[in-house]
Amino acid sequence: MRLHRNLVFAVIDALHLIFNEGEYADKVIEKVLKYDKRWGARDRAFIAETTYDIVRWKRLYTEIAEAHKPYTRPHLFRLFGVWCVLRGIRLPDWKQLDGTPERRIKGRFDELSKIRKFRESVPDWMDELGEKSLGNELWTKEIAALNQQAEVILRTNTLKIPKPQLQSFLAKEEIETEPLKGYPDALKLKERKNVFTTEAFKDGLFEVQDASSQLVAPYLEVEPGQRVIDACAGAGGKTLHLASMMQNKGQLIALDIYESKLKKLKIRARRNGVHNVETRVIDSNKVIKKLHNSADRLLLDAPCSGLGVIKRNPDSKWKLEPEFIDRIMDVQQDILQNYSKMLKKGGQMVYATCSILPQENTEQVKKFLASEAGKEFELVREQNVYASQSGFDGFYMALLKKN
């Protein structure tokens, strides 16, 4: 691989914004890719994937490179040098990479790879929490799986097109996909490509949605004609999946505390040809109270630590703090206690998170069932989805019924 100066400098700029300015990796990549309109798909892929790679292995690389915060440009070039050496990429004759100690880098890598927190590049507290919560064996497998790059998975919008037809439609646009066993609407890209520029995307024939995330809507067992509430809808990936399962029939109410996210959902719904969705901002308790005892189905896709989606958000390893997990667990229980009141007798609700921690999952459900608000509910079934077993994101789902 021949390295191009302008592309490497773009990676260095991106790392500075992520590590020193605390910006989110996905937003930084978006910004940096606008530097030069002449960059082709391969150039853009190099910038995005190299940046994500160095972010993913930040702890290991900083340890090897002896680079510490605040990361100066020479420090960031040292990290880039480590990335090159460990990938067997020949270092160019640039002054920024002069004197990169290749043998020492390989030696340090071998040494540090014996220690999980360095090998898997996680903060001490996260490594300790993972082991304590999941046990040594499962955590070791899980964090290794979560450090693999996420695959690009599409969800067929069955309101507009059957899956085989979408596959051939995409093939005409030079995007090769394969179906995934056990995921009725999913297609996996054989090779990473930008799918958002395709006609198929503009026509609302699919959404990008991880395979594990595609398990949540079917877990709720919705029927066309029901009143369904998605109470933490966000930008609406699961809302749109629910709409297609309801065949656009019935009423689907999407709630969220952030109006900006619901605006995105409206745009996506239009593109998807979804017209049974109504959005409401939770700006006071009245919004929830008005809906008490009214829903046939209720989805609580609760905010969480996001430990199950490190594959696609590797910078969350460095942004997440233990105090946040404690705070978010209070929020989760609060959502279970208050939002569950929107379900009517005989109705079903799913509590879901993209976390792998039992304290955010099974333990929250147990606590709810033992409380006054949960006494009418029973647990029908629950499922832990682990990245080390599925190859996709880590998730949790519990189906509860109100008697």
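Modeller: In this predicted model, a residue counts as buried when its relative accessible area is under 20%.

Colleague: Are phenylalanine 201 and phenylalanine 206 buried or exposed?

Modeller: The cut-off for buried is under 20% relative accessible area. Phenylalanine 201 and phenylalanine 206 are both buried.

Colleague: How many aromatic pairs does the whole structure hold, and what kind is the pair of phenylalanine 201 and phenylalanine 206?

Modeller: Searching the whole structure gives ten aromatic pairs. For phenylalanine 201 and phenylalanine 206, the ring centres are 5.6 Å apart and the planes meet at 50°, so this pair is tilted.

Colleague: What kind of pair do tyrosine 351 and tyrosine 396 form, and which strands hold them?

Modeller: Planes over 60 degrees apart count as edge-to-face. The rings of tyrosine 351 and tyrosine 396 have centres 6.4 Å apart and planes at 65°, so the pair is edge-to-face. This pair links distant parts of the chain, 45 residues apart, with tyrosine 351 in strand E9 and tyrosine 396 in strand E11.

Colleague: What is the relative accessible area of tyrosine 351 and of tyrosine 396?

Modeller: Tyrosine 351 is buried, at 0%. Tyrosine 396 is also buried, and its relative accessible area is 0%.

Colleague: Where is Cys354, the "active site" in UniProt, and which residues does it contact beyond four places in sequence?

Modeller: The annotation comes from an unreviewed UniProt entry. Cysteine 354 sits in the loop between strand E9 and helix H18. Beyond its neighbours within four places in sequence, cysteine 354 contacts Cys304, Gly306, Leu307, Gly308, Val309, Gly394 and Phe395.

Methods:
Residues are numbered from 1 along each chain as its sequence is written. This is a predicted model: local features need pLDDT of at least 70, side-chain atom pairs count only at pLDDT 80 or more; totals for chains, interfaces and linings use all residues. Side-chain values use heavy atoms; hydrogens and water are left out. UniProt positions are given in the numbering used here, feature names are shortened, and annotations may be inferred rather than shown by experiment. Helices (H or I, at least four residues) and strands (E, at least two) are DSSP runs, numbered from the N terminus. Contact means heavy atoms within 4.5 Å. Rings of Phe, Tyr and Trp (its six-membered ring) pair if their centres lie within 6.5 Å; planes under 30 degrees apart count as stacked, over 60 as edge-to-face and the rest as tilted. Buried means under 20% relative accessible area, exposed over 50%, partly exposed in between (1.4 Å probe, protein chains only).
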